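Reader: I am new to reading protein models. Please take me through one part slowly, and then show me what surrounds it.

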Amino acid sequence: MHVFMKRILSIIGLLCLTLFSLMGQSNNHVLFISSYHPGFLTLFQQIDGLQDEFKTKGIEMDIEFMDMKRFPDEQNEQRFYQDIKYKIDRVPKYDAIVVGDDYAFNFALKYQNVLFSEIPIVFLGVNDVSKAIEQNKNPWITGVIEAISLTETIDLMLLQRPDLEQIIAISDNTVCGRADAETFLKIESPDVKLKLLSLSELSWNALLTKLRGLNRDTSSLLLLSAYTDINNETKSFDQGMNLIKSNSSLPIYHLWEHGIGFGILGGHVVSHFRQGQLAGNIVGRIFEGENIQSIPVVERSPNIYSFDFNELKAFGIGLKTVPSDSILINSPAVLSHEYRILILNFMVVFGFMSIIFVILLLNYLKIKKIESTSRNLKTAIEQIPISVVITNKKGDIEYVNNNVCELTGYCLEELIGQNPRIFKDDNIHSIDFKLFWSEITGGHDWRGYFYNVKKDGSPYIEKALVSPMVNEKGVITNFIGIQEDVTDQIERDKINNMLLFTLDQTSDSVEILGLDKKILYVNREFTERTGYSSEEVLGRYALDLFGDATTNNAELEHVMWYELERGRPWRGRYTNKIKDGSFIIEDVTASPVHDNEGQLQYYSYVKKNMTTILEQEKEQQIFKEKLNQSQKLESIGRLAGGVAHDFNNVLGVIIGYTEISMEEVDPEGHIHNYLEQILKAAIKSADITQQLLAFARKQDISPQSLNINTVVEDILDMLKRLIGENIQLSWVHGVHIPPIFFDHSQFDQVVVNLCINAKDAIDKTGEIEIGTDRAFIDEDYAKIYKGAKVGEYVRLTIKDNGCGMAPEILEHVFEPFFTTKEKHKGTGLGLATVYGCIKQNNGFITVSSEIGVGSTFELYFPLASTVAKLSESKENLQIYDHDNDETILLVEDELENLEITKNILIKIGYRIMAVDSPVKALNLIKDKNHSIDLLVSDVIMPEMSGFDLYKNVLEYSSSLPCLFISGYTDDVFTSENRDILRTNFLQKPFTMSELAAGVRKALDGSDKTRIL
């Protein structure tokens, strides 16, 4: 009854407003700029307060939202400025501007002269008191200041609970939360302890844990702000309020009106509704002619005492402690008083309506009396917009009304005495006249459609009822036809059918809702997408079908209907649960639909299925990230190879001169010992460069056909010793695994590195699992990993249940020198070496990891049957005896390496011709005056590679052998020269013995050194 009476009053009020408007009252147009977004709690109270003043003054209000609470940045402000400027440039000038809260207030000040020149500006909800008061000097701005009543509320808490020992305030890291917390901490109260619990330092769970431990008898809560915690987890006011209420037994006070009645006990609160009323009153005074300069800024915030009667009762707080001018929510006395007011208002309205009804009834009777005395039947027939045709028994026309003449173009004289066939055309399909004539002459009514033509030949269609007219004896004397022109209606029906057909063919889901929000129509796409038939959904509420799919659907629904009920379309994204229980994501455009007179008829929903699109976008993003990571590792690999090349050249000089120096000093002396330590450090550094070359995939390898299960089983005992007894090693080998083509030593190195890495990730006890199986890579997967090709692979999986890796760590794991281990606990080259070995042997590797779950490395090896076998492994280096008359041509572009290599070869006993350029070397070969037994050449040189040099040399000396040396070989290892380089190739840095053995092997096996 209470709701029913309120609705009646609202309808009557709206009727009165409409009547007053029609009586000639002019409307003023106001723009309200809100700092926030449509879902913000206080916004509705501000709007309701403004509308409470505007509705009786005929003031219309538009609303624009800045959304600066969530996006307080310059870019958002500039976007809003452009939108407002676009609108103001194209609509009639507003009579006043109302701005809500500080963001909108500052925006109005900033752009006053640009956007709102000489337009009154009224603000409300502004906390910047000094800036607000300064507007008394501004001839076009005034408004209402908002100030919280923190001291008054604390005094109230002490009054209502004299035994209170501490007040705990809850705040967060929002702008308002920090400001209120700062004010709270400045208060000095000798009677009670003030303590702050801030979400800027706590998570929601930590806050709730602290609340559960508070003593109800000695503590009270003061809620300042509770939206976002230290982890940036944000909750709405209602969500946060429910959590605080359910985890605390303390009375809760507040500084704002929202929340009272839903868990807040009360306080001296800011009333945004009253602020809106006060600002609306100022706007009304301006429109009534009062000069805005004479209206000062309202400096005292219209705050009120407000309490929840149920909360007072629950905590045993008597009404004597409640100020006399307080508002009591849920009070029985207040409700009774409200009913008495409603009943009195209803009686007044009922009396008013009764008077209106009597007046309308008297007018109706008067009109009927006038009509009954001024009209006769003939006039009535002439006036109706329906054709009336009367014929005699033969079918000859005796009478037609005026509508027939207007419709057909024939005058009355042209039709009297004619047969109705005058309206027919043999080319136009019509009725079966034999059946028609049989029906009416038999005394029956006939209903159907006439397809006729007018005098000018244009066609038209009539819906007709033809009846026989009988006399008092029941004899047929005439026939009367009542006919309605339905040509336009049929065309409209045809168009409507076309529209319905089009809607059923569209790829978007379409729903039409009535004014009661129940479904009136759904198209075919809706039924196919959701699984519901049209019979299952028609007449139901859309929210009943989908509304509880996600927690934010109810909030979206509230915002959407707020827009729709104000005549504005709404766009957003829903996650809906369809009939089979699965979820779909839809972009929704909801619109109010009006007729030509502007009357709201229904609501339309058009929904685009975004589920597949979003999944594709997600897959594309994953693809892009993996591709970028693959390209990044390739770039790092090229860099690592270059670094290793330069470093190897330096190490070659160090090792060479150290060995020469060691032969020049006393082997028992301390200098020899120092040189020996230098040599060891240089060789150790050379090992590091080898790891870099492994990552860069530039070191020399000897791939061969391997049975992966056998190779793993051979090193299982060693792996168990490496990882220790506290970690269980599981071996799950696949069956019928084909051989792979891989360097044996590198395979062992890869497995050992990965197992050690897994061991380091496990704290105390855990498990490492090694497994093999077959895998097929398709085109989509191959696009992600550079080097992966479509086809079959053997997959080696190494999985641990260790600590796992975060995403930001995971993207760097294969980079050289990247490590998360403590200093001196690792070089950061383990996984980089694994990556390089796999890539150099034409495989690829993937990794997945999750914190607290573990990591999984998957290694894909090419099958031996699909890869050409490389040449056999290098022979062991040996030093052969030689004659002192053998001459070597040494080519090295690095002068330091040229000098040390030359000195070593001279010391070994060879004659040396040394040049720093391939061109110089080629000139010496062309000169027949020089006898050369061996060419020793660096591979990577500026003018040409060592391999290209050798191809040119063979044109002049086809039997000359060559030994290639290099710190790394870049892209020189091609299918054309791989075998020759692998046969006579020496990796820098090398020792004297390695160089001597390489030279001897090249000289003694010269018949093998040929370029095909």
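Is Tyr860 buried or exposed?

Author: Tyr860 is buried, because its relative accessible area is 2%, and buried means under 20%. Keep in mind that this is a predicted model.

Now look at the partner. The ring of Tyr860 pairs with the ring of Tyr793. Their centres are 6.3 Å apart. Their planes stand at 90°, so the pair counts as edge-to-face. The cut-off for that label is over 60 degrees.

Where do the two rings come from? Tyr793 belongs to strand S27, residues 791-800. Tyr860 belongs to strand S29, residues 854-862.

The structure holds 19 aromatic pairs. One of them joins Phe742 and Phe747. Their ring centres are 6.0 Å apart, and the planes make an angle of 80°. That pair is edge-to-face as well. Phe742 and Phe747 are both buried. Elsewhere, ring pairs link Phe80, Tyr81, Phe107 and Tyr111 into a cluster.

Rings can also sit under a charge. The charged end of Lys517 lies over the ring of Trp561, at 4.4 Å from the ring centre. Arg566 is placed over the face of Tyr562. Here the distance to the ring centre is 3.6 Å.

Next, move to a pair of helices. Helix H31 spans residues 895-908, and helix H35 spans residues 992-1004. They pack with their axes 10 Å apart, at an angle of about 70°. The two helices are therefore roughly perpendicular to each other. From H31, the contact uses Thr901, Ile904, Leu905, Lys907 and Ile908. From H35, it uses Met992, Leu995, Ala996 and Val999. Sorted by class, the contact has 7 nonpolar residues, 1 polar residue and 1 charged residue.

Loops deserve a look too. Take Asp67. It lies in the loop between strand S2 (59-65) and helix H3 (74-88). Its phi is positive, about 60°, although Asp67 is not a glycine. Asp67 counts as buried because its relative accessible area is 12%. Leaving aside residues up to four places away in sequence, Asp67 touches Ser35, Tyr36, His37 and Asn76.

Now set Asn232 beside it. Asn232 also has a positive phi, near 65°, and is a residue other than glycine. Its place is the loop between strand S8 (219-223) and helix H10 (237-246). Asn232 counts as exposed, because its relative accessibility is 64%. So Asp67 is buried, whereas Asn232 is exposed.

Finally, step back to the whole chain. The protein chain has 1012 residues, and 45% of them count as buried. Its secondary structure comes to 35 helices and 34 strands.

Methods
Residues are numbered from 1 along each chain as its sequence is written. This is a predicted model: local features need pLDDT of at least 70, side-chain atom pairs count only at pLDDT 80 or more; totals for chains, interfaces and linings use all residues. Side-chain values use heavy atoms; hydrogens and water are left out. Axes are lines fitted to C-alpha atoms, for helices over the stretch in contact, and angles run from 0 to 180 degrees between N-to-C directions. Helices (H or I, at least four residues) and strands (E, at least two) are DSSP runs, numbered from the N terminus. Angles under 35 degrees count as roughly parallel, over 145 as roughly antiparallel, 65 to 115 as roughly perpendicular and the rest as oblique. Contact means heavy atoms within 4.5 Å. Ala, Val, Leu, Ile, Met, Phe, Trp, Tyr, Cys and Pro count as nonpolar, Asp, Glu, Lys and Arg as charged, and the others, Gly among them, as polar. Rings of Phe, Tyr and Trp (its six-membered ring) pair if their centres lie within 6.5 Å; planes under 30 degrees apart count as stacked, over 60 as edge-to-face and the rest as tilted. Buried means under 20% relative accessible area, exposed over 50%, partly exposed in between (1.4 Å probe, protein chains only). A charge sits over a ring if NZ of Lys or CZ of Arg is within 6 Å of the ring centre and within 35 degrees of the ring normal.
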